[in-house]
Amino acid sequence: MRNRYYLTLSKGLLLSLIIGLALWPIWRGTPAPSLDLTDIHGKNVSLPAPGRPALVTFWASDCATCVKEIPALIELHQRHHHRGLDIIAVAMAYDPPNRVVNLARQHSLPYTVVLDSRATIAQAFGDVRLTPTTLLIDAQGHIQARILGDWQLDAISARIQPWLPTP
């Protein structure tokens with residue numbers, strides 16, 4: 001019984017990977033949706049911001065991997081924000097707003113955090129349902145990468161580097 005469960009799970013993961021790879025050319029290089037957002041402090045944010053690359057991450061306060069990547073996001077912000085990188089963390093619709101705000105305050109998040117209470121942002125980015133899902137948007141406003149799950153700080157930093165002005 002247990003082996004059938006793992007076999008079914010493995011087949012599902014393999015199918016998801018195959019579908020994801022098949023859809024890669026469809027969304028890579030497509031324009032990011034144009035959105036006007038409000039962060040948890042009431043500040044208006046435009047996405048994509050003209051001429052500014054962005055990292056958009058969909059996360060939840062109860063997602064262990066999402067919470068684990070917070071220090072890497074803070075470091076990316078510290079390394080590249082002054083050169084034009086915007087980091088926008090989108091809290092999933094099911095995440096209680098008070099938990100999101102408390103977590104942002106607890107970790108002193110320096111980057112933008114928005115609530116997606118109606119899942120409109122997730123819908124606009126292709127119906128994002130899994131966390132963390134991270135999208136890299138170049139300075140021309142095109143989606144260049146979609147990463148599901150954990151990522152490496154240095155690899156993301158190297159990927160973003162060419163999109164930023166020389167210091």
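This is a predicted model: local features need pLDDT of at least 70, side-chain atom pairs count only at pLDDT 80 or more; totals for chains, interfaces and linings use all residues.

Reader: Okay, so which residues of helix α4 are buried?

Author: Helix α4 covers residues 97–106, and its buried residues are Val100, Leu103 and Ala104. Looking down the axis of α4, you would find these buried residues within an arc of 100°, so they line one face of the helix.

Reader: And what is exposed on the other side of α4?

Author: On that other side, Asn98, Arg105 and Gln106 are exposed.

Reader: What do the buried residues of α4 pack against?

Author: They pack against the strands β3 (54–59), β4 (86–91) and β5 (112–115), and also against the helices α2 (64–68) and α3 (70–80).

Reader: Which residue follows α4, and is its phi positive or negative?

Author: Ser108 follows α4, and the phi of Ser108 is positive, near 50°.

Reader: New topic: how many aromatic pairs does the structure hold?

Author: The structure holds one aromatic pair. Phe58 and Phe125 form this pair in an edge-to-face arrangement, with 5.8 Å from centre to centre and 70° between the planes. Phe58 belongs to strand β3, whereas Phe125 sits in the loop between α5 (120–124) and β6 (133–137), so the pair ties together parts that are 67 residues apart in sequence.

Reader: Are Phe58 and Phe125 buried or exposed?

Author: Phe58 counts as buried, because its relative accessibility is 0%, and Phe125, with a relative accessible area of 4%, is buried as well.

Note on methods: Residues are numbered from 1 along each chain as its sequence is written. Side-chain values use heavy atoms; hydrogens and water are left out. Buried means under 20% relative accessible area, exposed over 50%, partly exposed in between (1.4 Å probe, protein chains only). Helices (H or I, at least four residues) and strands (E, at least two) are DSSP runs, numbered from the N terminus. The arc is that of the directions from the helix axis to the C-beta atoms. Contact means heavy atoms within 4.5 Å. Rings of Phe, Tyr and Trp (its six-membered ring) pair if their centres lie within 6.5 Å; planes under 30 degrees apart count as stacked, over 60 as edge-to-face and the rest as tilted.
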